[in-house]
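The sequence and the structure come first.

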Amino acid sequence: MGGGNAQKSAAARLKNMKEAGPSKEQLAAAKAKADKDKAAFKCLICLQTFTISTKPAGLFLHVKSKHDKEEKTPEKCFPCLKGFDPDAKAAPAAGGGGGIKVAQGAAKKKVSKKKDADDLSALLADGLKVGKKKK
């Protein structure tokens, strides 16, 4: 009766692949993506780079703090800031997000709608009933 070594062979093959690490193609693709993301925004004056996730407000903050003479024309640093209004509220994300601030605002609206004198007295009465200890 012969014993099969297929499981041992497969485990050894998997172990060797893990030890070898990523292939040259995988490394090249990862490096290219990292370089693209790293230099997504580049200041044309001081050549400082910003990641792809940097928001226009962050770019404008750079213009304001590092190149204060260009504050009125931020597009000289970042062409994508043409027409950017630093005083306007940030628009919600394109993905329909909005983040924590939007969620907190919605929660406050829900709470404020429920706040009536009757509701508060009912909640208080319920709280007093629950809090009593039985002897």
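Contact here means heavy atoms within 4.5 Å. The model is a predicted one. Leaving aside residues up to four places away in sequence, Cys43 touches Gln48, His62, His67, Cys77 and Phe78.

**Cysteines**

The structure holds 0 disulfides. For Cys43, the nearest cysteine sulfur is that of Cys46, 3.6 Å away. A disulfide needs the two sulfur atoms within 2.5 Å, and Cys43 is in no disulfide. Cys77 is likewise in no disulfide, and its nearest cysteine sulfur, that of Cys43, is 3.8 Å away. Cys43 counts as buried because its relative accessibility is 0%; Cys77 counts as buried because its relative accessibility is also 0%.

**Nonpolar core**

Cys43 and Cys77 both belong to the largest nonpolar core, whose 8 residues also include Phe50, Leu59, Phe60, Val63, Phe78 and Leu81. Helix α3 (residues 56–66) gives the largest share of this core, 3 residues. In soluble globular proteins, nonpolar side chains tend to be buried together.

**Aromatic pairs**

The whole structure has 2 aromatic pairs.

| Pair | Centre to centre | Angle between planes | Type |
|---|---|---|---|
| Phe50 and Phe78 | 5.5 Å | 75° | edge-to-face |
| Phe60 and Phe84 | 5.6 Å | 45° | tilted |

Phe50 lies in strand β2 (residues 49–50) and Phe78 in the loop between α3 and α4 (99–114), 28 residues apart. Both Phe50 and Phe78 are buried. The other pair joins Phe60 in helix α3 to Phe84 in the loop between α3 and α4, 24 residues apart. Phe60 has 9% relative accessibility and so counts as buried, whereas Phe84, at 27%, counts as partly exposed.

Notes:
Residues numbered from 1 in each chain as written. Predicted model: local features only at pLDDT ≥ 70, side-chain atom pairs only at ≥ 80, totals over all residues. Heavy atoms only, no water. Buried < 20%, exposed > 50% of the residue type's maximum accessible area, 1.4 Å probe, protein only. Core = buried A, V, L, I, M, F, W, Y, C linked by side-chain atoms within 4.5 Å. Helix = DSSP H or I, 4+ residues; strand = E, 2+ residues; numbered from the N terminus. Phe/Tyr/Trp six-rings, centres within 6.5 Å; stacked < 30°, edge-to-face > 60°.
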